[in-house]
Amino acid sequence: MFRIIQISDTHISPIKAHFAGNWAPLAEWITEQKPDLVIHTGDVTIDGADSDTDLRHCAGLLGEMGVPFRAVPGNHDVGDSNHRHQPVNPKRIARWNRYFGTDRWFLDIEEWRLIGFDAMLVGSLLPEEAAQLAWLDETMTQAEGRRSAWFLHRPLFIEAPDEGDTDYWSIKPEPRRVLLELMRRHHVALVASGHLHMAHDFERDGTRYIWGPSAGFLGGPQIIPPMPGERRLGAVRYEFDGNAVRAAVVEVPGLTEYWIDDVANEVYPAHGDTRAANAR
Ligand SMILES: [Fe+2]
Ligand SMILES: [Fe+2]
């Protein structure tokens, strides 16, 4: 059996320490759980997209736990596709890679192939996006019968695979179609994401989708609009056993319910965008 803890959206910075108080209880709880692996599904930092300091600090925090970890970048770590002020680009990805090794990876455990990739590239039309897509296809083609589980920051969709553009919240319909086709072809069994600061666990067309909750902060409906799932903090515990997986969203004792609504202007002063569009 292989035990994984998924954490997400910690949004930590040594400069803006608004949510940093949640790191100590989170790290302590993770250490007690003795997982085989920790996977962080992005928005590790407050502003790694522009700050070496944030990335260095957060990679250090994860490393200090003494538990093997992998991470995929979020929009606050490497910028976002087509963002006006912080577009994802090779320079930002190189900065992430300097501290976290790589923005895509795979790992074989039990009868599974865990695959982490960079959701911020999706829809960017950068050459790196096409390279990642080819890699994803190849990585699953060569999985030798292993079941695939994806880990990425932004969810593929909110309510339905064929829904329209949900703006900031899920992957755009066009690249989503491409990813869904890839999932169908390779029978992807699990898709775990972050970004929404909501917890959710549901099945759709034979795939289990898990939205990992933030371990950093919550957002009220003014900032994070009503959607399925639960507005709560926490983590996700997985037990991969043979070709099966058990998973549950769990509480992390000692987390403080910070609300981004109270501090959005301090933490994410809008670059002329709306406050909501910058905060999560
Ligand atoms: Fe986030
Ligand atoms: Fe995000």
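How far apart are the iron ion (ligand 2) and the iron ion (ligand 1), and which residue coordinates both? They sit 3.5 Å apart, and D43 coordinates both.

This is a predicted model, where local features need pLDDT of at least 70, side-chain atom pairs count only at pLDDT 80 or more, and totals for chains, interfaces and linings use all residues. Residues are numbered from 1 along each chain as its sequence is written, chains are lettered from A and ligands numbered from 1 in the order written, and side-chain values use heavy atoms, with hydrogens and water left out.

**View 1. The iron ion (ligand 1) and its donors.** D9 (OD), H11 (NE2), D43 (OD) and H197 (NE2) coordinate this ion at 2.0 to 2.3 Å (donors are N, O and S atoms within 2.8 Å of the metal, or 3.2 Å for Na, K and Ca). Along the chain, their spacing reads D-x1-H-x31-D-x153-H. D9 comes from the loop between β1 (2-7) and α1 (23-33) and D43 from the loop between β2 (37-40) and α2 (52-64), so the pair ties together parts 34 residues apart in sequence. Helices (H or I, at least four residues) and strands (E, at least two) are DSSP runs, numbered from the N terminus.

**View 2. The iron ion (ligand 2) and its donors.** Here D43 (OD), N75 (OD1), H153 (NE2) and H195 (ND1) coordinate at 2.1 to 2.2 Å. The donor residues follow D-x31-N-x77-H-x41-H in sequence. D43, in the loop between β2 and α2, and N75, in helix α3 (residues 75-78), are 32 residues apart.

**View 3. Around I7.** Leaving aside neighbours within four places in sequence, I7 is in contact (heavy atoms within 4.5 Å) with residues including W23, L26, I30 and A235.
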